[in-house]
Amino acid sequence: MKKLLLLATVLVVVFSYTMGQNAITNSFFDHVNYSGAFGDNDWTAPWAEWDPVNATYPVADSTISAGNITGNVRLSSGQSPLFGIQSFTNPRLNDGWFTVTNYIGAFDDSNDWTSPWAEFDPQNAVYPPTTVTINAGNITTNTTWTSGNVYKLNGFVYVKDGATLTIQAGTIIRGDKANKGTLIIERGAKLIAQGTAANPIVFTSNQAAGFRTYGDWGGVILLGKATINVPGGVATIEGGVGSQFGGGATPNDNDNSGILEYVRIEFPGIAFEPNNEINGLTLGGVGKGTTMNHIQVSYSGDDAYEWFGGAVDAKHLIAFRTWDDDFDTDFGFTGRIQFGVVLRDPAISDPGSNSRAFESDNDGSGSSNTPITRPFFSNISVFGPLATTSTTIDSYYDRAIYIRRNSATSIYNSVITGWPVGLRINNDGSEVQANNNNLQIENTIMAGMRDDFFYNAFNETYFNTASRNNSILTKNSSLRVIDPFDLTSPNFLLQNGNRVYELDGWVYVKNGATLTVDPGTVFRCTETSGPGTFQGAALIVERGAKLIAEGTAAKPIVFTSSKASGLRSNGDWGGIIMLGYATMNQPGGTGVIEGGVGSTYGGGASPNDNDDSGILKYVRIEFAGSEFAPNNEINGLTMGGVGSGTTLDYIQVSYGADDCYEWFGGTVNAKHLISYRGTDDCFDGDEGWLGMVQYAVAVRDPGISDLAGSSNGFEISNHGPSTYLPVTHPIFSNVTMLLQASAITSPNFGDAFNLKDNTEIGIYNTITCGWPTGLDFSGSGVIANANAGLLDIENTLMAEMTALYDGTDEQTFYTAPARDNGTFANCTDFMLTNPFAYNNNNDFTLMDASPLWHRSRWTYSLSGVVTYDNLFNSPLSNVTITISPKETAKGKVLSASTNASGQYTFPRLGNGSYEVSISTTNAWPSGVIGAVDATDGFFIQQHFLGNISLTGLKLEAGDVTGEGTVNTADALTAVRRGSALPAPAWGIDDWLFNVPTIDINDANATGVDIKGIVGGDVDGSYIP
């Protein structure tokens, strides 16, 4: 069988269908091509919990006592607000070099990149005595310092142009205090100091433990040939060492001065003279070819890091207990820095020039020399001297960020805390850079400033411009960083644990109040005693109030039992009740909700069917449901008069002691509902509920049913036997409802579909199995509604019932051919992957061969005829058409073959675009008169000469050599093969077909006809 060529033909195929209930045509419903709640996408993962009895939940750390919530309240999960507010869409950051994070600042909740190589108590660290002294002077040849020695740096040591100094991982270098030991890597030289996390390279003081302090030795100076903005492009570096930096008239911004990786520089920084200091790490004209990663500068007697021009990039920098500035940039520095952390000592600051985290100048005079100093910092965490605003600090701290003298340093995705003043962009040229958007501060939080967050109104307006997405927090603690201000053992990781609340008693969210619950929050709900009988804790969201409980798949919100793991069971607490102002059908339009809580629902004479009671998304409700009195229960999730403005999506109700879900009127819609091992009904609707539900799965425990009644899958009623209006008429689509019939031990299971009390309903694309009875119309009103078309069940499958139907009315209705329902003998016939795993993670997705594929209401019959491309349109049998969806999650590969009349049919195809391939078992007609012969060769030659024009399939058929053109060689090859003479290689398939792309989009269409031709038969003379 041969797969044949795809032509450019695109056929748009649309279909009509007979509508049942109008509501199923609502755009709320996704038009999927399978029945049941799942195709091959398991939407329960990873947020659902299949073994909540034994799940481990933390103990509660706060209590919400019985009573009223009357104002807006937010219940935090404990997650740091630094998560999820980052952005890397700015073109400056979207360049491949920056690591994209899901947080701002330098750390998330798990990756402490300072461990284990950093040292936060270097004053008391024990270092071995020196074994080798490196005296002041020049290193002119390649030299290696080994980890077996401890080196004393005794004076100014220069690595000269052309030489490379290599320092092995784990090597310790101790700087001499008296002679100001300093290591200077001059232009053209390299320093290869490549430590590891386990064996960092350490530059430290030669003083004894306990006696080390700021400026015990000089520091490390790295110089290169990259661009600087000094006229002439060359300057002499600060610190009195006399060495030059910068590339002059021909700078090299990719210059390579070596590698500094996993390096600590402790107690450096000396003032040669005022404004002429050696910093912890001084970088002059250093190029991007240099590697800087995982560097810690501690107790520097001047700046921790200062960049004098250059373009070098760096990641993972620590500035610890610096004297002056942490990150000082000038002379046209244009590099990129990501992941940096600053921790300051509140008792130490620089009386000579004030201490800042960021200090930036274009140059000392604020000239307009280019390039303008414009580095990009991202993911920086600055923990200043003020752990709280009342912390006593040295008087020379002033601003966290000071950008001045025409410079344009930009800061992104960072958090800046704990200084007297937060931001000063000076009016000596840098304000202009900010107004021109050359200077940018975005997606950054400032917190805990003592005097003011801003130096003046310009800075405040600039920082708070909405498009910059910056914000301020009054307290550092609001950042939820674990312990960042500990000066000997800081922990910079973000808090991300779930906050756990004890819900104790009936808690009411009152009219006008909003209760907001952060993702990941856990509620441990207590057993309590109240009026009447035991009812358990409950959360009641009254009319006019809102519950915003919007979890995520990774961090669902959980309401569960307060009992210990292994001891939880159905009905340990009350449940969640949501009430609203939408329509319900009791006289007067209002009622008092079941469960004894005493709250009213429904909109009365002027209901609001668009009422908004909030959001429940990625929420689990476990072990809820309690009986206040017979037929007066709190369900897992009770909804009374809830409007369609409310969002219900991805909700799991598990081990409920009454119904898992019950709707008392209202218009609320829902998607992705799980009903798991409940006691009474899975889905109970009444009192005029008019909502829509798609994607719901119910799994029953065969050993648990309602001993006081009958446990059903659906129990849908109007209001008792009444004809109150509006009549209950929900629409369900794509429900999977499962009971393991062979394992039933509890006696009171009832019907899969218990429809009663004059109800109307639409059920589509649903599967169910295992109940004693499948479909039960209870009462003449339901039968009348079914006969009148007000009740509809279509494209639905039942399996493994003791009795499929309660009577002949149900059977006649269900089996009507137009409804396209069906039955199977066994639940296994559905071919779900693993539906009854229970505690071991159920899997309801479809196997590839499942009959549920292409089985929904939104699937259509596609047919057509395959004919030969000749004058007679001769039908072609033995042709196979194979289609596969372009979106693999939307269906599976299907095949159909033509009959003797050339006809083919696909009985079911869902919406989407399909790739088509066509093949045949028909042989190439060798030796058949009129198939491929001299006439075909003549036609090919005439096309080549331009005397005739072959098009479409006949043009394809003429390229018998498969070279992409039709020429004399094709003519000769066709003639010789058609005459059974030796011929060159046949380069095309024996049979060719025009191959369409099929698009199905719910509208109206005709069949798809396909043409075929024998390779080489350009005159179409063959008659199959």
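Visitor: Which strand is joined to β51 by 6 bridges, and in what sense do the two run?

Guide: Two strands count as paired if DSSP finds at least two bridges between them. Here β51 is joined by 6 bridges to strand β53 (residues 692-699), and the two run parallel. One example is K671, whose bridge partner in β53 is Q694. The strand names come from DSSP runs, numbered from the N terminus (strands are E, at least two residues; helices are H or I, at least four). Keep in mind that this is a predicted model: local features need pLDDT of at least 70, side-chain atom pairs count only at pLDDT 80 or more, and totals for chains, interfaces and linings use all residues. Residues are numbered from 1 along each chain as its sequence is written, and side-chain values use heavy atoms, with hydrogens and water left out.

Visitor: What else pairs with β51?

Guide: Strand β49 (residues 647-654) pairs with β51 in the parallel sense, over 5 bridges. There, S654 has Y676 of β51 as its bridge partner. Moving to β53, 7 bridges join it to strand β55 (residues 731-738), and these two run parallel. V693 has its bridge partner in β55, namely F732.

Visitor: Are these strands covered or open: how many residues of β51 and β53 are buried?

Guide: Buried means under 20% relative accessible area, exposed means over 50%, and partly exposed is in between (1.4 Å probe, protein chains only). For β51 (residues 670-676), 7 of its 7 residues are buried. For β53, 8 of the 8 residues are buried, so β53 is largely enclosed by the rest of the structure.

Visitor: How do I read a nonpolar core, and which residues touch the most other members of the largest one?

Guide: In soluble globular proteins, nonpolar side chains tend to be buried together. A nonpolar core is a set of buried Ala, Val, Leu, Ile, Met, Phe, Trp, Tyr and Cys residues joined through side-chain atoms within 4.5 Å. The largest one here has 101 residues, and L637, Y661, W663, F683, F732 and L755 touch the most other members. The element that gives the most to this core is β53, with 6 residues. There is also a second, separate core of 97 residues, which includes L281, Y299, F327 and W419.

Visitor: Which residues does Y661 touch?

Guide: Contact means heavy atoms within 4.5 Å. Leaving out residues up to four places away in sequence, Y661 touches a list that includes L637, I651, L673, I674 and F683.

Visitor: Where is S717, and is it buried or exposed?

Guide: S717 sits in the loop between β54 (714-716) and β55. With a relative accessible area of 8%, S717 is buried. S717 and D686 are 31 residues apart in sequence, yet their C-alpha atoms are 4.9 Å apart in space. Beyond its neighbours within four places in sequence, S717 is in contact with G685, D686, E687, T728, K756, D757 and T759.

Visitor: How many salt bridges does the whole structure have?

Guide: A salt bridge is a side-chain nitrogen of Lys or Arg within 4 Å of a carboxyl oxygen of Asp or Glu. A search of the whole structure finds 30 of them. In one, the side chains of D398 and R356 meet at 2.9 Å, N to O. D398 is in the loop between β25 (376-383) and β26 (399-403) and R356 in the loop between β23 (336-343) and β24 (358-360), so the pair ties together parts that are 42 residues apart in sequence. Both D398 and R356 are buried.

Visitor: Which residues are linked in a network of salt bridges?

Guide: The network links R356, E359, D361, D398, R399, R404 and R405. Within it, the side chains of R405 and D361 meet at 3.7 Å, N to O. R405 counts as partly exposed, at 27% relative accessibility, whereas D361 is buried, at 5%.

Visitor: Which residues form a nonpolar patch on the surface?

Guide: Patches are made of residues with over 30% relative accessible area and no salt bridge; like charges are joined within 9 Å, and nonpolar side chains (Val, Leu, Ile, Met, Phe, Trp, Tyr) within 5 Å. Here L871, F872 and I1023 form one, with about 400 Å² of accessible area together (Shrake-Rupley method, 1.4 Å probe; for residues, only the protein chains shown count as cover). F872 lies in the loop between β66 (859-868) and β67 (879-885), and at 58% relative accessibility F872 counts as exposed.
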